[in-house]
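Subject: Structure handover

Hi,

Please open it before you read on.

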Amino acid sequence: MFKKGSILSRLTAMFIYIWDSFFPATCRSKAKLRGKTVIITGANTGIGKETARDLAARGAKIIIACRDTVKGGNAAEEIRQELPEANIIVKQLDLASFSSIRGFAKEVLSSEPQINILINNAGVAVCPKSTTVDGFEMQFGVNHLGHFLLTNLLLDKIKTSAPARIVNVASGAHLIGSINFSDINMDREYNALDAYCNSKLANVLFTRELANKLQGTNVTTYSLHPGAVHTELDRNMSKVNRIIAFFFHFASKLTFKSARKGAQTTIYCAVEESLAKESGLYYTGCRQIETSKRAEDDALAKKLWEFSEDLIASVK
């Protein structure tokens, strides 16, 4: 439509963000997933649960991977009440712990003959300064490093299951994110919102480099902005600023999309037939749009990949 990277193309992307907030898109694909296995992190609530509901209705076997297996079980039972034939299992996964991630991956690799779709959906947002079990800033550690490790541990199985897809739930917040390799844990100056934006930029860069590494494998990758969605993702905001959290929570109930509407772009990236040959791109409102210039930097994406590998290797 416009030259990639032009001012008009970026203004168009911003218009799509705003348009989708008021007129949410719906995934129109009728694709069936019978015989396919889908892993969704954080599918015990919010857009992850709604994604699980939709893909279960298409016939897929759903693995809900979440930290709280009680909530995961409740989500699975809720879906079964609506879809009695739904094939859903719940497995424990704490993305703030490399040990938990490795344990989950080992269990899945030994029990599942295939992984056709991996949806890296779970995340934390705008939380007070804290660290993962392995000592990394929580938002970067969970939103990026946890999913980076999980994806790489499952990657060989995903390749043998091709055609397969990897979907990373990012955010439009990546537009103001940055990667400071010299202070990745933000020890010098921590800002909860900045940390979130940085982790979402990492999601988009990870998707881009993963697509490069998967060329010729028939495994495709997608990152996306789900839109302004009323979910539990803002639950940590009150710990940072109670006044802002109160008004944000009130405004979100009035103006934000429901979780079901917010899940549509995730579902679109997971099943839409026309995307079968696309990889490494970014979506919102069930359409592909441009990212920030930073997120299109292949050298930065490659550096983040190698940096992430080193960080994980540093944990004994």
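Which residue forms a salt bridge with aspartate 183? The partner is arginine 188, and the closest N and O atoms are 4.0 Å apart. A salt bridge here is a side-chain nitrogen of Lys or Arg within 4 Å of a carboxyl oxygen of Asp or Glu. Aspartate 183 counts as buried at 12% relative accessibility, while arginine 188 counts as exposed at 59%. The cut-offs are under 20% relative accessible area for buried, over 50% for exposed, and partly exposed in between (1.4 Å probe, protein chains only).

Some salt bridges share partners. They join Lys49, Glu50, Arg53, Glu78, Glu82 and Arg260 into one network.

Before the rest, the ground rules. This is a predicted model: local features need pLDDT of at least 70, side-chain atom pairs count only at pLDDT 80 or more, and totals for chains, interfaces and linings use all residues. Residues are numbered from 1 along each chain as its sequence is written, and side-chain values use heavy atoms, with hydrogens and water left out.

More on salt bridges

The count comes to 15 salt bridges. One of them pairs glutamate 112 with lysine 61, at 2.9 Å from N to O. Glutamate 112 sits in the loop between helix 4 and strand 4 (117–120) and lysine 61 in strand 2 (residues 61–66), so the pair ties together parts that are 51 residues apart in sequence. Helices (H or I, at least four residues) and strands (E, at least two) are DSSP runs, numbered from the N terminus. Glutamate 112 is buried, at 5% relative accessible area. Lysine 61 is partly exposed, at 22%.

Arginine 80 and glutamate 77 also meet in a salt bridge, at 3.6 Å from N to O. They are three residues apart in helix 3, so about one helical turn separates them. Arginine 80 is partly exposed at 29% relative accessibility. Glutamate 77 is partly exposed too, at 37%.

Helix packing

Take helix 2 (residues 46–57) and helix 3 (residues 69–82). Their axes come within 10 Å and cross at roughly 40 degrees. Axes are lines fitted to C-alpha atoms, for helices over the stretch in contact, and angles run from 0 to 180 degrees between N-to-C directions. The two helices are therefore oblique to each other. Angles under 35 degrees count as roughly parallel, over 145 as roughly antiparallel, 65 to 115 as roughly perpendicular and the rest as oblique. On the helix 2 side, the contact is made by Lys49, Ala52, Arg53 and Ala56; helix 3 brings Ala75, Glu78, Ile79 and Glu82. Contact means heavy atoms within 4.5 Å.

Now helix 4 (residues 98–111) and helix 5 (residues 138–160). These axes also come within 10 Å, and they cross at roughly 20 degrees. Helix 4 and helix 5 are therefore roughly parallel.

A buried serine

Serine 308 is in helix 11 (residues 298–313). Serine 308 is buried, with a relative accessible area of 0%. Leaving out residues up to four places away in sequence, serine 308 touches His144, Leu145 and Phe148.

Best wishes
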